[in-house]
Amino acid sequence: MSITNKKLGLGFRQTDEILETLKQMLSETAENINFPYDDELEQFTEALASELTSPVYARVIEGLKLGFAGEEINVELDYYPEPQQEDDVDVSFLKLVPIKADNLTLEIITSGEGWVDFLGVNKLEELSTEHIEVKVVTGEEITDEESTEENSEGGDEDDNES
Amino acid sequence: MTTKVREVGVGVNVMEKSVTYVANTMIQVLFRIVHGRGLPPNYLQHNLEIIENGLRTWLSEQKLRFVLLQVYVPGQKDALENWETVFSYYADPNEDVRKPPVEEIEEACKNLSKLPPHTTYTIYASVDPGASEVAGWVRGTPKPLASSVEKIFKDWGFGNIGAEIRYQGSDMGNTGGGPERKG
């Protein structure tokens, strides 16, 4: 099993650019794993971007976790990066051994339960398809889990653990 | 196998980053207030693009003076609360990224009285003469505010633009005032 941690600095990007970056990240992941369901993925990413619009404007999406074939990519969204960090932002961090997987899971980490209800973030789970599962979790839940499990540090640089 | 996406180039100037950062954080703050006061998000959600276009246009022109989120009950003469964000423009950019006081706003909202049923809100922008027209914004006048306490929160911003928000209402403060309404 491999874990990749990444921080994306997004403070100087407009929301539509942020959504485009997230879509690109999914697309690259799918390419990396030879995900065979192109139409399903395309429809999913468009729907996801639409539903994420308000939460991203509100800055209540703290991160994403992509899972496939035992691999895990954790992406922390940093809305207050230093300008120099922002200039280095890209999504070319999928330094993974090409691997085949027919299923993807996407965990969307939000700031708190109140926001899940307020902006209807829980509806994101309804976007799940036959081969792509969406889960919405809150940052508090992650913190609770980390208190009992070994913590993996994120950072500006790719951090691969095998 | 990997592709860079819309990378922000080093050449992008500080003013453009200032505009994007302050417009982004202003919308974030508006969401925090609406959420914190238990107001419906629909108005904000349905007008996000219009609000963002207005903010970006007028911040770029350095003609946006303040943004007002006014809380009121439809049909009543006076408003209940004003959340007013005043903008400052600097010739010498400050490279420090100063975060908006979202936690402080959320905490303050918790200490305010619950708003009456059917309370709603409108977002106004006050601009200097010569500011561009932005589609979706219309002229209007806020209601007077019949209250007397206020709270000023820590300022934030980046580069050439700074912002400072103050609350005026019955629980914490008031100074009143009536900006030109756009939107």
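Helix α1 of chain B takes in residues 14–36, 23 residues in total. From its first C-alpha to its last α1(B) reaches 32 Å, close to the 33 Å expected at 1.5 Å a residue. The model is predicted, and the values here are computed from it.

How much of this helix is covered? In α1(B), 18 of the 23 residues are buried, and the helix is mostly covered. An α-helix has 3.6 residues a turn, so residues three or four places apart point the same way. Just after α1(B) comes G38(B), which takes a positive phi of about 70°.

The rest of the chain can be read from there. Chain B has four helices and seven strands. Starting at the N terminus, their order is α-α-α-β-β-α-β-β-β-β-β. Chain B has 183 residues, of which 37% count as buried. Taking the contacts in chain B between residues at least 6 apart in sequence, 79% join residues at least 24 apart.

Confidence comes next. The average pLDDT of chain B is 87, and 86% of the residues score at least 70. Over residues 1–11 of chain B, however, the pLDDT is below 50, and this stretch has 25 contacts in the model beyond near neighbours in sequence. Residues 173–183 of chain B also have a pLDDT below 50, with 46 contacts in the model beyond near neighbours in sequence. Where pLDDT is low, the predicted coordinates should not be read in detail. For the model, the scores are ipTM 0.82 and pTM 0.84.

Methods. Residues numbered from 1 in each chain as written. Chains lettered and ligands numbered in written order. Predicted model: local features only at pLDDT ≥ 70, side-chain atom pairs only at ≥ 80, totals over all residues. Helix = DSSP H or I, 4+ residues; strand = E, 2+ residues; numbered from the N terminus. Buried ≥ 20, exposed ≤ 12 C-beta atoms within 10 Å, placed from the backbone. Contact = placed C-beta atoms within 7 Å. Expected span 1.5 Å × (residues − 1). pLDDT = per-residue confidence, 0-100.
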